[in-house]
Amino acid sequence: MSNCSVNLNLNFPEETTMDTILKTAKHPCYSECAHEYARMHIPVAPRCNISCNYCNRRYDCLHESRPGVTSEVLTPEGAYEKYLLVKDKLPNLKVIGIAGPGDALANFEETKEAIKLIKEDDPELTICISTNGLMLPEYAQELVELGVRHVTITINTIDPKIGALIYKWFHYQGKVLSGEEGAKILLDNQLEGLKFLSSKGVLCKVNIVMIKGLNDHHIPEVVNKVKEHGAFMTNIMPLIPAEGSEFEEMPLVSNKELNELRDRCSLDLKQMYHCKQCRADAIGQLSQDISIEFRGRKTDQGDENKSLADEIKSTDLLFAIASKTGRLIDQHFGHVDNFLVYRYTDQGIALVDKRNIERYCIGKECEDKEAKIKNIVDLLSDCEAVLSMRIGYEPKKKLLESGIKSLEIYDGIEDGIEYAIKELGLKDVG
């Protein structure tokens, strides 16, 4: 499944240039071997023309790490200025992406202007965009002319009946559509845009959100259809049930189920196994998002910046932190070899322990291992909560059954703990 050379036998469209192929080898989302290269997502596209039932549109979120969230929305000029800062600090920066927080083509003027500004500074940078595809027939030619050679299209179904269950409404050509009518227009435009871009040598990655009980059985058909229309690869991603969305209570997909489906579909088309489901303002290597270091934080103003230590008295709480760097909450629960344990008191926050564990996930397998989770629960029994960038349904349930809360956060450790205290309603403790 893994091939770290530039494989010319892959499903490259006939019109793909050698320059595009070589750049693809340094694109972290298109090549699993491009891990040493950095990408930067510029959040210049806040508006969306589709309402997905798995999205809550809370894009101005500092603390989550998933698609559609960002700490700020930038103008094209602001994105260019931030790009210059990032470029100066990351010599391995190879890719600029526009992935929202809405849809890149629903904000095409801003998307186009940002691309032009950055391309003027460095014509060799790889520019890519992510879109739901509703407006692709209208803008595909302009994307080609702008030098965009990598486009990601989210196509969750090729059945309008299923589409009517995934999407609430569609804003298209001045009308608000819904149901199968809107889903059919979306699908037609997605496939038309995909076919056109592929015919121009653009490498199209198709994202598919795997929704258990809704489209999971149907995904192999989606993969075959997009292959027929020129897709280079597909990226089957698990649904992240966003709080406040229509699908908030939908069941999670296990890693085993996800990878079994990817393996099955890999017989027909190249699959992406290394997706991190990044934020719309992600910066850095795929395995190490450092966007927090470049944040213009909205909470750093006025009374909102008051420390919780001023509000909570006689509080003594322990938090287990999943961290790769020792500075950020930036690790998946299942990938932790040791938890950092921090104590929160009315005097402040301090690291008090480092607890080694047997990793819950080994390779692709993150199934519920009773012995492992019991040991983890026992080890963290004195902790109020576990803070990680991502956590699966089973370990989350097991922790809660033992009275240990869990929260998915992407933030600095101290800021994340303060946010968790508010979010979990602990400010009245003590």
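I take a crossing as left-handed if the near helix is turned anticlockwise from the far one by less than a right angle, and as right-handed if clockwise. I am working on a predicted model, in which local features need pLDDT of at least 70, side-chain atom pairs count only at pLDDT 80 or more, and totals for chains, interfaces and linings use all residues. Residues are numbered from 1 along each chain as its sequence is written, and side-chain values use heavy atoms, with hydrogens and water left out.

**Helices 7 and 8.** I looked up how helix 7 passes helix 8 and noted a right-handed crossing, helices (H or I, at least four residues) and strands (E, at least two) being DSSP runs numbered from the N terminus. Helix 7 (residues 219–228) and helix 8 (residues 255–266) pack at about 35 degrees with their axes 10 Å apart, where axes are lines fitted to C-alpha atoms, for helices over the stretch in contact, and angles run from 0 to 180 degrees between N-to-C directions. Ile-219, Pro-220 and Val-223 of helix 7 make the contact with Leu-261, Arg-264 and Cys-265 of helix 8, contact meaning heavy atoms within 4.5 Å.

**Cores.** I then turned to the largest nonpolar core, of 75 residues, in which Ile-42 and Ile-96 touch the most other members; such a core is a set of buried Ala, Val, Leu, Ile, Met, Phe, Trp, Tyr and Cys residues joined through side-chain atoms within 4.5 Å. Helix 6 (residues 179–199) gives the most to this core, with six residues. Leaving aside neighbours within four places in sequence, I find Ile-96 in contact with residues including Met-40, Ile-42, Tyr-83 and Ile-118. A second, separate core of 19 residues includes Val-341, Ile-357, Val-377 and Val-386.

**Val-341.** I located Val-341 in strand 14 (residues 338–345), and it counts as buried because its relative accessibility is 0%, where buried means under 20% relative accessible area, exposed over 50% and partly exposed in between (1.4 Å probe, protein chains only). Val-341 and Val-386 are 45 residues apart in sequence, yet 9.2 Å apart in space, C-alpha to C-alpha.

**Backbone checks.** Most residues other than glycine have a negative phi, and most peptide bonds are trans. I noted a cis peptide bond joining Gly-100 and Pro-101, with omega about 20 degrees, and placed Pro-101 in the loop between strand 3 and helix 3. I also noted Gln-173, a residue other than glycine, with a positive phi near 50 degrees; Gln-173 lies in the loop between strand 6 (167–172) and strand 7 (175–177) and is exposed, with a relative accessible area of 66%.
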